[in-house]
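This report goes through selected side-chain contacts and secondary-structure elements. The sequence and the structure are shown first.

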Amino acid sequence: MGIAKSLRIAGRLRMKRRRLLFRSFRKRRQLHPVENRTSRIKADSILAFSTVRNEMVRLPYFLEYYRALGVNHFLFVDNESDDGTAEYLREQPDVSLWTTPESYKLSRFGVDWLTWLQIKYGHNHWCLTVDADEILVYPFCDTRSLRALTDWLDDSSIRSFGTLMLDMYPKGPLDAQTCEPGQDPFEILSWFDSGNYMMERHPELHNLWIQGGVRARKFFPDQPRRAPSLNKTPLVKWNRRYAYVSSTHALLPRELNQVYDQWGGEKASGVLLHTKFLHTIGEKTREEMQRRQHFGNSEEYVAYHDVLQHSPDLWCKWSEKYINWRQLEILGLMSKGNWA
Amino acid sequence: MSVGVVMLVHTALERAAQVARHWSDSGCPVVIHVDKRVSRSGYASFVAALDDLPDILFSERHRCEWGTWSLVAASQTASALMLARFAQVQHVYLASGSCLPLRPVSELIDYLSGRPRTDFIESATIEDVPWTTGGLDAERFTLRFPLSWKRHRRAFDAYVALQRKLRIKRRMPEGLVPHLGSQWWCLTRQTLTAILEDPDREIYDRYFSRVWIPDESYYQTLVRLYSDHIESRSLTLSKFDFEGKPHVFYDDHLQLLRRSDCFVARKIWPHAHRLYDSFLAPGQTLMHDAEPNPGKIDRIFSKAVERRTKGRPGLYMQSRFPRWGHEQVKTCAPYSVFEGFSDLFENFDLWLSQVVNARVHGHLFAPGDVQFHGGGAVFTGALSHSGDIRDYNAKAFLTSLIWNTRGERQCFQFSPRDNQEVTWLMAEDPNAQISVITGTWALALFRSKGNFDQIRKEAARLQRIENDHMQALQSPHARARVRVWSMADFIESPMEPLQSVLDEIGPRATQRISEAPKMVDLNGFGRFLQNLKNQGMHPYSVGDYPMTGEAFEPRQLRRRAYVVKS
């Protein structure tokens with residue numbers, strides 16, 4: 001590639017990043033503080049950022065899991081929940097909560113709101129940006145805290161940590177088993193697709209674009225291009241100049257997307273276990289069909305709706321039952337890299 | 001007789017204080033050097049935490065920076081203080097704040113008092129030992145390094161490049177032979193005194209102050225002048241990764257560290273409570289005179305380095321995506337591709353799965369759905385049979401299939417009618433064993449009852465595709481193991497070439513194949529070919545097929561397959 005062209009791309013990406021930052025700056029007034037406990041954030045605190053809507057089923061386990069891993073403070077944006085999510089969150093001692101009645105879609109699916117909070121509170125912190133249905137698994141997560149990982153990343157001068165989003169599903173119809181708030185969702189969603197992922201490198205942002213898994217297999221078998229992206233970079237040593245481009249799939253500046261090795265080696269990476277397919281999926285899908293607030297004009301949800309009507313079994317005899325991170329590493333779904 | 005510990009401390013002061021107290025409680029005097037970058041209040045509370053212990057002293061502070069002379073200066077100052085103030089010290093042990101004694105200190109004292117004249121310092125000549133990282137080994141000694149690599153990396157690199165270009169070389173002081181080794185040593189009072197009180201020390205210091213990472217070479221080189229008994233190994237267990245950073249130990253390494261029998265390990269993660277609690281607890285079990293044995297730990301860490309630099313070949317995932325062409329193998333295991341066999345033989349895949357010890361698929365890349373073994377809708381790894389998903393990224397489909405089935409050889413059929421996206425992947429992949437009978441695409445056309453004009457067009461199209469495919473297989477870039485026969489050659493003596501292909505895959509039984517696969521009916525095929533020729537479409541890839549138009553009798557003459565690439 002010629003120097004002129006690469007400069008042009010670099011300039012365009014810089015403009016894009018500034019536009020994204022400005023956009024979130026403009027949207028800052030959409031956020032109304034409900035409970036601001038950010039004064040409790042210490043210089044080395046690990047922060048989690050999340051936009052939620054009606055997640056009472058998932059949140060108790062979510063908070064318990066990430067607290068145990070070592071997240072010190074949670075920053076939530078609640079988008080008009082009516083199931084008690086906001087009330088529950090504001091009682092938590094390590095949670096700061098904002099609320100907004102504005103459009104999820106127009107806020108780039110919550111990213112604009114979170115970007116503003118990250119500008120304000122995330123600078124120089126390790127920031128974990130996850131949805132309520134994403135549970136992070138990384139090498140040695142059963143014996144080493146998140147701080148062990150971030151300390152190691154700091155020592156290695158690594159600023160971002162890549163993951164694969166792994167869709168977990170139950171055996172049998174999706175609504176056959178009910179997950180109670182606080183229950184480990186993987187008692188029900190204990191299965192996943194282990195070896196049907198495909199990827200390519202984004203020509204400009206340089207992130208890997210990964211698709212496949214059970215959602216491509218069951219919901220998009222005849223239009224795989226529309227299957228959702230599964231690459232995510234949720235853990236970043238944040239700087240107020242950084243911005244997520246679309247969800248947490250890609251970042252700017254683009255060096256942060258270089259979470260993979262191109263010379264044959266393996267960098268350390270993790271997996272986001274995705275608890276989308278709990279019993280609530282049917283109801284959620286029906287709601288989204290009406291709200292049309294999700295990705296790609298909610299086409300994704302149309303596909304879910306079409307398939308879910310026939311109460312499908314996502315499970316097949318080649319499904320893999322989840323055991324632990326070591327299993328995922330052996331299957332090649334994540335890697336220890338040179339962390340030993 | 002005792003051991004004195006010189007500690008270099010810059011972070012995790014609480015842990016350092018805890019370990020210093022442990023050394024001191026076990027009868028070892030300690031001299032601590034605290035990096036000047038530690039804040040005044042941090043330093044004050046650190047000193048206060050240890051001021052009940054008379055055998056702990058603090059040396060004059062230097063501002064320390066990795067890779068520079070300051071670390072040597074710090075150890076010199078602290079060592080001099082140790083020798084001057086603690087006359088009973090026979091060995092001086094250089095440690096860092098993140099070092100942790102793994103065995104009772106009394107064992108270390110016994111071990112060293114049993115070897116009173118021995119200097120434990122890793123010291124290897126640069127000619128004999130290719131030193132690990134950075135590409136700087138001999139040049140550490142011949143170039144000047146006045147700049148900080150961490151803070152001024154560009155200037156550092158530019159200055160190195162400039163010196164290389166101008167061919168500037170420094171001369172080593174008379175009498176010195178450059179040696180390198182771990183910076184964590186344990187020297188006898190005699191040797192250390194000789195180094196620190198050498199009349200030429202000023203010359204040496206001036207020279208080493210411009211050497212790159214002098215703490216790995218200063219003592220290691222000078223010790224060769226004075227010591228009469230060097231044991232060239234470090235008593236501190238310390239492993240480095242591929243970038244030269246020390247590996248860190250965590251709670252889950254507890255058993256591993258216990259079994260290593262090493263005296264001291266670094267670096268320990270400051271929050272590894274279990275490690276600190278276990279190894280600093282009083283009343284540790286004694287191992288007596290066991291020699292340190294870091295073998296198992298070595299293996300774990302060298303595996304980690306290998307994973308980071310080489311990875312698992314044939315695996316494509318979110319943190320491993322080799323550039324095309326960078327990696328020789330494209331897949332993780334050998335597999336076999338049969339092109340043309342399913343056209344020439346009836347139920348070839350069934351026959352094949354009876355004679356070879358492998359999983360035999362149909363045409364994986366056929367138009368429409370994937371023809372998995374057994375015709376299932378899903379296969380290992382939950383690969384879908386959807387042709388759309390497969391064609392969306394055919395290469396990923398193939399590499400995933402081979403990855404998912406590691407441990408079981410895969411065979412599949414291929415033809416010009418199939419998706420050709422994987423041609424180059426297979427051609428460049430040494431794991432691919434490809435056997436081709438060219439021209440067999442004509443057989444399906446021969447049996448079809450369509451309009452001859454369309455058949456002719458289709459024949460031309462397939463032959464063109466086959467030709468492109470063969471060019472890839474026979475290109476200089478191809479690394480697959482390829483065997484090619486024209487159809488005419490193959491049917492003369494089908495068993496011999498088949499046998500050679502099967503031998504390579506690994507037959508189910510060791511004896512030769514007894515039952516041949518059944519060939520399709522070739523009656524009238526010669527005529528068909530002639531008709532194509534008459535229409536101006538020459539099916540040259542079939543080979544010299546006799547134009548008798550009648551049943552074809554295999555001749556006695558046997559021809560050998562030619563192997564294009566091996």
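Predicted model: local features only at pLDDT ≥ 70, side-chain atom pairs only at ≥ 80, totals over all residues.

**Salt bridges**

Side chains of opposite charge can pair when their charged atoms come close. Over all chains, the count of salt bridges comes to 38.

| A:Lys27 | A:Asp112 | 3.5 Å |

In chain A, A:Asp112 forms a salt bridge with A:Lys27. A:Lys27 sits in the loop between α1 (3-26) and β1 (32-35), while A:Asp112 belongs to helix α4 (residues 111-122), so this pair ties together parts that are 85 residues apart in sequence. Both A:Lys27 and A:Asp112 are buried. A network of salt bridges links A:Arg23, A:Lys27, A:Arg108 and A:Asp112.

B:Arg21 is in helix α1 and B:Asp52 in the loop between α2 and β3, so the contact ties together parts that are 31 residues apart in sequence. B:Asp52 is partly exposed, at a relative accessible area of 47%. B:Arg21 is partly exposed too, with 28% relative accessibility.

**Helix α2 of chain B**

Which residues of helix α2 (residues 40-49) of chain B are buried? They are B:Gly42, B:Tyr43 and B:Phe46. Viewed down the axis of α2(B), the buried residues fall within an arc of 95 degrees, so they line one face of the helix. B:Arg40 and B:Ser41 lie on the other side of α2(B) and are exposed. The cover over the buried residues of α2(B) includes α1 (13-25), β2 (30-34) and β3 (56-58) of chain B.

**Strand β13 of chain B**

Strand β13 (residues 335-339) of chain B is mostly covered, with five of its five residues buried. B:Tyr335, B:Val337 and B:Glu339 point one way from the strand, and B:Ser336 and B:Phe338 point the other way.

β13(B) has two parallel partners among the strands described here. Five bridges join β13(B) to strand β17 (residues 410-414) of chain B, and B:Tyr335 has B:Gln410 as its bridge partner in β17(B). Pairing with strand β18 (residues 432-438) of chain B also runs over five bridges, with B:Ser336 opposite B:Gln433 in β18(B).

Key:
Residues numbered from 1 in each chain as written. Chains lettered and ligands numbered in written order. Heavy atoms only, no water. Buried < 20%, exposed > 50% of the residue type's maximum accessible area, 1.4 Å probe, protein only. Helix = DSSP H or I, 4+ residues; strand = E, 2+ residues; numbered from the N terminus. Arc of directions from axis to C-beta. Contact = heavy atoms within 4.5 Å. Salt bridge = Lys/Arg side-chain N within 4 Å of Asp/Glu carboxyl O. Pairing = 2+ DSSP bridges.
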